[in-house]
Amino acid sequence: MSDLQAIADRVEIEALRGEFTDAVMMRDRGRLASLFTPDGALRMPNVPVELAGREQIRAGGERLQGQWDFFVQTTHPGTIQLDGASASGRAYMQELARARDGRSELNYAIYHDRYQRTPDGWKFTERVYEVRYHDTSPLAGSAPRPADPPADPPAGNKPAAEGTR
């Protein structure tokens, strides 16, 4: 494998991990499931949840996300070990959530990953979620309510029309 291919593979795998977090944050369960190979698995022994195959991953994401008032997941880069068209790695997570029943959670965790290069790019074959720190103290903050659209600025403060400056 060329150095350039290894660099491209690492960038694509890191983008895959970012897509996972974005799909979770945007509650896009179809996209979340599409990030796995057809027989891929998402395992969360601490929860406990075991999802195998895209349909279970999509449905499991819907079930879990339906419990949240809000959820914020931040992914931090970890390791990637390349082995041709497969790879393994770890990503480090910080998560903050409040369930609709009022329970709060702050987690620091690791995803232990296996990846496969496919015709559609790199996909997860397995993600195993390992919680390293779990805090259920009540959260002091809250999810903001949707913002109102911005008001028109007062007439004297309107920006100059393009081409009139």
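Start by selecting aspartate 101, which counts as exposed because its relative accessibility is 55%, past the 50% cut-off for that class. Keep in mind as you look around that this is a predicted model.

Arginine 103 and aspartate 101 meet in a salt bridge, with 2.8 Å from N to O. Arginine 103 is partly exposed, at 41% relative accessibility.

Next, pick aspartate 113 and arginine 127. Their side chains also form a salt bridge, at 2.7 Å from N to O. Colour the strands here: aspartate 113 belongs to S6 (residues 104-118) and arginine 127 to S7 (residues 121-135), so this pair ties together parts 14 residues apart in sequence. Buried or exposed, what would you call aspartate 113? Aspartate 113 is buried, with a relative accessible area of 3%. Arginine 127 is buried as well, at 1% relative accessibility.

For a network, select Glu19, Asp22, Asp28 and Arg31, which are joined by salt bridges that share partners. Then jump to arginine 43, whose salt bridge with glutamate 50 has its closest N and O atoms 2.5 Å apart. Arginine 43 itself is partly exposed, at 25% relative accessibility.

Time for a hairpin. Select strands S4 (residues 80-83) and S5 (residues 86-99), an antiparallel pair with four bridges. Zoom in on leucine 82, and you'll find its bridge partner in S5, alanine 87. Two residues sit between the strands of this hairpin, and glycine 84 there has a positive phi near 70 degrees.

Last stop: the largest pocket, with about 590 Å³ of space. Show Val47, Leu64, Trp68, Phe71 and Glu105, the closest to its centre of the 29 residues that line it. Which elements give two or more residues to the lining? They are helix H1 (3-25), strand S1 (36-44), helix H3 (54-65), strand S3 (68-76), S5, S6 and S7. Colour the lining by residue class before you leave: 17 of its residues are nonpolar, eight polar and four charged.

Technical notes: Residues are numbered from 1 along each chain as its sequence is written. This is a predicted model: local features need pLDDT of at least 70, side-chain atom pairs count only at pLDDT 80 or more; totals for chains, interfaces and linings use all residues. Side-chain values use heavy atoms; hydrogens and water are left out. Two strands pair if DSSP finds at least two bridges between them. A salt bridge is a side-chain nitrogen of Lys or Arg within 4 Å of a carboxyl oxygen of Asp or Glu. Buried means under 20% relative accessible area, exposed over 50%, partly exposed in between (1.4 Å probe, protein chains only). On a 1 Å grid over the protein atoms alone, a cavity is a set of points where a 1.4 Å probe fits but cannot get out, and a pocket is an open set with protein on both sides within 12 Å along at least five of seven lines; lining residues have an atom within 4 Å of a point. Grid points are joined across faces, edges and corners, and a volume is the space filled by probe spheres set on the points. Ala, Val, Leu, Ile, Met, Phe, Trp, Tyr, Cys and Pro count as nonpolar, Asp, Glu, Lys and Arg as charged, and the others, Gly among them, as polar.
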